[in-house]
Amino acid sequence: MSETMNDIWEPHAPTVAGGLRPLSAQGLDLKASGAATARAVADGVVEVSAESPGDVRIEWRVPCVDATAFWTPEPRGTGWLPAAWSAPRRTGLAAGAPIAALVGTGDVALCAFAAERPDVLAGAGVVEETGEFRFWAQAEGRLTVRIDTSGRHFARCLADLAAWWGSGRTADIPEAARRPAYSTWYSMHQDITPEGVETQAALGKQLGLDVIIVDDGWMTADRTRGYAHCGDWEPVSLPDTAAHVRRVHELGVRYLLWYALPFIGKDSAAYQKLGRYALADVAHLGAIVADPRYPEVRDFLTERLARAVEEWGMDGLKVDFVDSFVRAEPPAAGPEADCAGVDEGVERLLAAIRGRITAADPEAMVEHRQPYVSPGLWPYVTMIRAVDCPLGPQENRQRTVDLRLAAGPVPVHSDMLMWHPTEPPEQIACHLINVLFAVPQVSVDLAALTPEQREAIAFWLGVFHTHLDTLQLGELRPARPDLGYPLVTALGERTIAVARYAALPVDASGTGWRTLMVANADADPDVRLTGGSGTAAVTVQDARGRIVRQGEVELDRAQGIPVPRGGLLTLRRP
């Protein structure tokens, strides 16, 4: 057992041969195994590399003082402070991302780190004996991590780490990948027809939904859910597919088609061909997970998926369940496999699909989904969606913000917004405000909307369109990760956008902004401004976009400005 493991009980952590030796870098309490080096790359930022024939580990500690939350990009990954003996996180190409932060009072990063490679075992937690917070990362052969103790806002630190990842890795992002989308999943589930899709596409376009994503059901006449019919990917429910796609395009709407990439259903003809190449049997889903280490599997799946763009004229693919390729103990690869590792097979498969569809359409889009958010996948993806949280606005908010902090240049999409047919327009507006800093996807029957509901959707989708640069590309400053981000700010060139999910004051200080927008998703209507000076023109709109107040305000003497729930306050100054 290494010398630094003797003082901490670690029931889940593996040992590393050779022990850990101290390293010196900007006063950080740092140790590593193997041949290791440490260097400062910026004030408070250290890069550490270690190399060994076997596993290597890099470990460090910081005082756990004024700590409020431990942040990771996994669903429900942010909030509590784990103990040092907690089970480590294992990330890989198709699961998670090797990045985390210990956040302190004032939303500063007490320590943030990222690993350069996607496949890392990482532990973090409070050392009960000392009150320190201990991090470690481990991988085979060679490992490089960046450690940021600069004390800046945690979102700024994470953005810099994501930028370090992103050099030369990112796919070209089509403009349409940042446009609001309609999804058929919650509204139709498997009940897919050309007429139904075209109706929703037309109604959605009128409201500001520029993309439609057709989900499960298009490839089967079965309506009982499950994945036994996956694998053949024939458009059973979308006959004359190319003509149908042309009609959607004539509406000015882009079209993506869903694929459960790993699944070969046991009721499919593909199962007879590929059933022997099973990475796993998922009997409860009626399918196997196909093993991407085999060229025959990759070639078959690439042909099936590429047809959507090459033959039917689709604008891209929703590639689902990539994380199902992750197996703790995959079977040994057979003689027909051309790579030993599953991650390598997955990457070859995704690269082949991406290459084929972009050769047919350089603007082709590919959607992935949390938790497969690794930067190793960035060359093959144009958007990442929050994992399913139907009718969960707070979950959608936290997941999209967490993803924004780790996704670098890749657009982040919300999980599809749905609601009960009698939902008031104020709450529909709040659903949209909760994903204000992502690309919204909507999944309700648009033909069943009331005029008031329609107005709320159209108004807020208009805000998304008009202020896209600030909302999606501005510097994101979420507050209080320990409380689920009750206030989130995006800083644009001359526009600041704030979403208020609790009765918190809004900072109006600074001289750089010309427009300050405050979206109110809280039942308390009194929006209190702090730190501002000078005169600003005021416009208050309700959840449906109707103007309920206009005038001027002296920012340094402003009392609470009433803004209805689901409404928007806009301040403008010359």
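What pLDDT does the protein chain average? The chain averages 95, and 98% of the residues score at least 70; pLDDT is the predictor's confidence in each residue, from 0 to 100. Colour by that value and select residues 1-6, where the pLDDT is below 50. In the model, this stretch has 14 contacts beyond near neighbours in sequence, a contact being heavy atoms within 4.5 Å.

Some housekeeping: this is a predicted model, so local features need pLDDT of at least 70 and side-chain atom pairs count only at pLDDT 80 or more, while totals for chains, interfaces and linings use all residues. Residues are numbered from 1 along each chain as its sequence is written, and side-chain values use heavy atoms, with hydrogens and water left out.

**Stop one: Ala438**

Select Ala438, in the loop between α9 (425-433) and β21 (441-442). Helices (H or I, at least four residues) and strands (E, at least two) are DSSP runs, numbered from the N terminus. Is Ala438 buried or exposed? It counts as buried, because its relative accessibility is 1%; buried means under 20% relative accessible area, exposed over 50%, partly exposed in between (1.4 Å probe, protein chains only). Show its contacts outside four places in sequence: Thr400, Val412, His413, Ser414, Phe464 and Gln472. Then put a C-alpha to C-alpha distance on Ala438 and Leu473: 9.8 Å, for residues 35 apart in sequence.

**Stop two: the rings**

There are 18 aromatic pairs in the structure. Rings of Phe, Tyr and Trp (its six-membered ring) pair if their centres lie within 6.5 Å; planes under 30 degrees apart are stacked, over 60 edge-to-face and the rest tilted. Pick Phe113 and Phe135: their planes are at 70°, so the pair is edge-to-face, with centres 5.9 Å apart. Phe113 belongs to strand β8 (residues 108-115) and Phe135 to strand β10 (residues 132-148), 22 residues apart. Both are buried.

Next, go to Trp218 and Trp233, a stacked pair at 5.8 Å centre to centre and 25° between the planes. Each sits in the loop between β12 (211-214) and α4 (241-250), 15 residues apart. Trp218 is buried at 0% relative accessibility, and Trp233 is buried at 1%.

**Last stop: charges over rings**

Here the test is NZ of Lys or CZ of Arg within 6 Å of the ring centre and within 35 degrees of the ring normal. Arg57 has its charged end over the ring of Trp136, 3.9 Å from the centre. Finish at Arg573, which lies over the face of Trp513, 3.7 Å from the ring centre.
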